[in-house]
Amino acid sequence: MPVFHAPWQSIASPLRSSSCGTDLIRDRDGNYLVLEDNGRCPSGVSYVLENRQVMKRVFPKLFMRYKVRPVDHYAQELLNLLRYVAPAHCQNPAAPTVVLLTPGIYNSAYFEHSYLARAMGIEIVVGQDLFVEDRIVYMKTTKGPRRVDVIYRRIDDDFIDPKVFRKDSVLGVPGIVEAYHCGNVNLANAIGTGIADDKVMYYFVPRMIKFYLGEEPILPNVTTYLTMFDEDRKYVLDHIAELVVKSANESGGYGMLIGPHASKEEHAKFRQAIVKDPRNYIAQPVIQLSRGPSFCDGAIEGRHIDLRPYILSGEKITIIPGGLTRVALRKGSLVVNSSQGGGSKDSWVLDDE
């Protein structure tokens, strides 16, 4: 394998995180808080677009009456962003070749992958559709190889290149990291942006804002305890029945304990896990998320919700006027993740003008 420095740092574009989704919640006092960041491959925006299409068909007059700001331009904004981050020396700067790299049809988010690719008018590919030659990425087509300039990747770092990361990966493309490092192709988002998804890093974000920008965060984080710190670990172990404990590198509602709703056996299990690997856990107080009316079991009842707005950072910063409102459909549940039985709602931002 060729040797080169810092393979995750490409010279193709200075932008490392082109798109992100930040989860926001509102507590019982009406305060907005940042729950966590999603910087690797933020998912769920297809449900925002699909929910809006359904609502416009069912309640067209409401959208006219309340001047709801549209969200259907998101796909075009995303495509503009992906074209903007193309390598400067690509063959056709006016229309660089952009593809969406997916793990395949069996991935839980494949609906979104195909939806976005279709909405942007770009090819959706799996690893076997691409190959690298002379440090340049090509896509196989019926008319022969076609050079690829930008890859909107929806697979994790570990699987993207078996020459650099997991050798047993059949999802990625051998040699793609070297092509990326040489600036012949750009990846959105960049390799390594998943560090923002590490829940331990979340603890330090307000401190980074203050250190690098000299500012206080506009929105505060949820109070967070790091069990790798002795004092925090002692507090968490003593109060585990009152806290939410999360594994640092899991998502989708997995690897989580909601203390007040858990059994003594589950408390004991998580105590042992924290003592064994304190770097792998954080804890937070239980926040009673705000609720929204939901039609469940034949009746309209309140269900806990959070909001994930989507931010695109390219030539300009674009924030979708709305976002993914996730709903905990089980009564009393605070877990809004779709993988744990959660649902979603259309979110409206009204135009003042």
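Mentor: Start with helices H8 and H9, which are roughly antiparallel to each other. Keep in mind that this is a predicted model. H8 covers residues 230-238 and H9 covers residues 264-276. Their axes make an angle of about 170°. The call follows because angles over 145 degrees count as roughly antiparallel. The axes lie 10 Å apart. Those are the two values to quote, since two packed helices are described by the angle between their axes and the distance between the axes.

Now the residues of that contact. H8 brings Arg233, Val236 and Leu237. H9 answers with Arg271, Ile274 and Val275. By class, four of these are nonpolar, two are charged and none is polar.

Next, the end of strand E19. E19 spans residues 343-345, and Lys345 is part of it. Lys345 is partly exposed, at 24% relative accessible area. Its side chain reaches the backbone oxygen of Pro293 at 2.5 Å. Pro293 is also among the residues that Lys345 touches beyond four places in sequence. For a sense of scale, take Asp158. It is 187 residues from Lys345 along the sequence, and the two C-alpha atoms are 32 Å apart.

Asp346 sits in the segment after E19. Its relative accessibility is 18%, so it counts as buried, the limit being under 20%. Two side-chain partners stand out for Asp346. Arg52 makes a polar contact with the Asp346 side chain at 3.0 Å. Trp348 makes another, at 2.9 Å. Leaving out residues up to four places away, Asp346 touches Asn51, Arg52, Met55 and Phe63.

Move to strand E1. It runs over residues 19-26, and six of its eight residues are buried. E1 pairs with two strands described here. With E2, residues 32-38, there are six bridges in the antiparallel sense. Ile25 has Leu33 as its bridge partner in E2. With E16, residues 310-313, three bridges are found, again antiparallel. Gly21 is the residue to look at there, with Tyr310 as its partner in E16. E1 and E2 form a hairpin with five residues between the strands. Gly30 in that hairpin takes a positive phi near 85°.

Lys67 has a phi of about 50°. This lysine lies in the loop between H2 (60-66) and H3 (74-84). Lys67 is partly exposed, with 45% relative accessible area. Asp297 has a positive phi as well, near 55°. Its loop joins E14 (291-296) and E15 (299-308). Asp297 counts as exposed, because its relative accessibility is 82% and the limit is over 50%.

One more backbone check: the peptide bond from Ala188 to Asn189 is cis, with omega near 0°. Asn189 falls in the loop between E9 (186-188) and H7 (199-213).

E9 leads on to a sheet. Four strands form an open, parallel sheet in the order E4-E3-E8-E9. E4 (123-125) and E9 are the edge strands, each pairing on one side only. The twist averages 30° from one strand to the next. E3 and E4 run parallel and are joined by three bridges. Leu101 stands opposite Val125 in E4.

Helices pack on this sheet. H4, residues 110-120, touches E3, E4 and E8, and its direction makes about 150° with that of E4. H3 lies across E3, E8 (150-153) and E9. The direction of H3 is at about 130° to that of E8.

Finish on the loop between H3 and E3 (98-101), where Ala94 is placed. Ala94 is exposed, at 70% relative accessible area. Tyr84 is ten residues away along the chain, and its C-alpha atom is 9.5 Å from that of Ala94.

Key. Residues numbered from 1 in each chain as written. Predicted model: local features only at pLDDT ≥ 70, side-chain atom pairs only at ≥ 80, totals over all residues. Heavy atoms only, no water. Buried < 20%, exposed > 50% of the residue type's maximum accessible area, 1.4 Å probe, protein only. Contact = heavy atoms within 4.5 Å. Polar contact = N/O pair within 3.5 Å; in protein donor to acceptor, adjacent residues only side chain to side chain. Pairing = 2+ DSSP bridges. Axes fitted to C-alpha atoms, helices over the stretch in contact; angles between N-to-C directions. Parallel < 35°, antiparallel > 145°, perpendicular 65-115°, else oblique. Nonpolar A, V, L, I, M, F, W, Y, C, P; charged D, E, K, R; others polar.
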